[in-house]
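Here are some notes for a first look at this model. Please keep the structure open while going through the points.

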Amino acid sequence: MARFFYSLLFALLLPLILLFMAWQGQKNKGWRQRWSERFGRVVHRPQPGGLWIHAASVGEVLAAAPLVRAFRQQHPAIPLIMTTFTPTGSAQVRRLFGTGVYHMYLPLDLPWMVRRFLRTLQPALLVIIERELWPNMLAACEEQGVPVLLANARLSEKSALTYQKYPKLALPMLQQLTRVAVQDATDGERYLQLGLPEQRLEVTGSVKFDIDVPEGVVQQGAALRAQWGAQRPVLALASSHENEDEQLLDLYPALLETCPDLLLLLIPRHPERFEAVTNAALTRQLKVQRRSKGAVSPAVQVYVADSMGEMLTLLAAADLVLMGGSLIPRGGHNPIEPAALGKATLVGPYHHNFAQIVADLQQLGALQTVPAEPQELLAALREWLADNAGRQAMGAAGLAAVEANRGAVARLVGHCEELMRLR
């Protein structure tokens, strides 16, 4: 009954949802394209029996990438389908996998749409990355006998409280999950408290530790650094959100007092913010260069990375990395990427999306948390920019931590093979 009222509300809100997507299309035309897929119509149909992986947006696609590569290597004949909700996620799939993976947009979560999608697709298994649970999608999988693996799963305390408010909707979803592979025991305990059967839970660790740094990334980063000035210190703000770039730009003049040649590298999380970040620097009378506009002169103070798919290369060119999404209440972003490159990494107080990873890395000396309060943040940035030996030690600890925690992908591939009856 709860799902009936959920579906009714969803149907009533559908016009507003479509209007929102059209409005978003003014900033990213991908929101206005391929709408038939949003209604459950599969245009390019793969062979039945494929592995369907749902990754909501860019972050989840990146998290799924090691699993996709490992599964393709071991089972090249089995079709791989990836769905995303956002066009930036779609672009990331194309960038990483080209035509080797079928990409479709996830249909809107109405019963007739997801049923039509599943009847056409006929997957052998659905793998959901991290926590993108939709009531009608899970119900349709149960009806059509499609097992569901929730992989690299995490559940913050805040999200668990939200699920607790709607037990009649949340509990059936948990019962419809065939297996839940969580990143750590704390997340697992939260799922059990919500009603997940204990025999369906396994702690596999985070696939993010299985990050593959492509060959040539370090060299490309060094080449960028040579363009900027090899001796210039570089502070990167990675995957930033609104009000975070502005915070760093406001602190930049004070940072110059102790670090006169500092280059501030801003890497916005979403492409629609490239222009706003550039303008924010210009309004502060800072000398700005966008990546798309060519090389950096010695006079440039702020470098805006207005490109997609180059995060590792950009981080490889930095001395100190501050993770975005953690200076404001967004939950933070993946700190393993800079750690895998041997970069000293700082994370703000709002990192609940990666709480266990942050705690583990900090305990190993591979990461440091910093406050968001401007003067305290300024003091921390000054300290780490001045401490070359400390940055090198933290970077080395990060590399060691990433190597020590690899293995989640192999375990997830094993789960996929078992649920698809491949072994």
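1. Start with a helix pair. This is a predicted model, and in it H16 and H17 are roughly perpendicular to each other. H16 covers residues 374-386, and H17 covers residues 388-404. Their packing angle is about 90°, and their axes lie 5 Å apart. An angle from 65 to 115 degrees counts as roughly perpendicular, so this pair qualifies.

2. Which residues make that contact? H16 contributes Trp384, Leu385 and Ala386. H17 contributes Asn388, Gly390, Arg391 and Met394. By class, the contact of H16 with H17 has four nonpolar residues, two polar and one charged.

3. Now turn to the sheet. It is open and has seven strands, in the order E3-E2-E1-E4-E5-E6-E7. The pairing is parallel. At the edges stand E3 (102-105) and E7 (201-203). Each has a single partner strand, so one side of each is left without a neighbour in the sheet. From one strand to the next, the twist averages 20°.

4. Is E5 enclosed or open to the outside? Strand E5 spans residues 148-153, and six of its six residues are buried, so E5 is largely enclosed by the rest of the structure.

5. What does E5 pair with? One partner is E4 (residues 125-129), joined in the parallel sense over four bridges. Here Val127 stands opposite Leu149 of E5. The chain goes from E4 through helix H6 (residues 135-143) to E5. This β-α-β crossover is right-handed. E5 also runs parallel to E6 (residues 179-182), with three bridges between them. Ala153 has Val182 in E6 as its bridge partner.

6. Check the helices on the sheet next. H3 (residues 58-74) lies across E1, E2 (80-84), E4 and E5. The direction of H3 is at about 175° to E2. H6 packs on the sheet as well and touches E1, E4 and E5. Between the directions of H6 and E4 the angle is about 155°.

7. Is His54 buried or exposed? Its relative accessibility is 0%, so His54 counts as buried. What surrounds it? Leaving aside neighbours within four places in sequence, His54 is in contact with Thr83, Thr84, Phe85, Leu106, Leu126, Val127, Ile128, Ile129 and Glu132. Val127 in this list is the residue that stands opposite Leu149 in E5.

8. Look at the backbone of Ser239. Its phi is near 55°, a positive value in a residue other than glycine. Ser239 is in strand E8 (residues 234-240). With 5% relative accessibility, under the 20% cut-off, Ser239 counts as buried.

9. Where does Gln285 lie? It is in the loop between helix H12 (274-283) and strand E10 (288-290). Gln285 has a relative accessible area of 64%, over the 50% cut-off, so this residue is exposed.

Terms used. Residues numbered from 1 in each chain as written. Predicted model: local features only at pLDDT ≥ 70, side-chain atom pairs only at ≥ 80, totals over all residues. Heavy atoms only, no water. Axes fitted to C-alpha atoms, helices over the stretch in contact; angles between N-to-C directions. Helix = DSSP H or I, 4+ residues; strand = E, 2+ residues; numbered from the N terminus. Parallel < 35°, antiparallel > 145°, perpendicular 65-115°, else oblique. Contact = heavy atoms within 4.5 Å. Nonpolar A, V, L, I, M, F, W, Y, C, P; charged D, E, K, R; others polar. Buried < 20%, exposed > 50% of the residue type's maximum accessible area, 1.4 Å probe, protein only. Pairing = 2+ DSSP bridges. Right-handed = clockwise from strand over helix to strand, strands pointing away.
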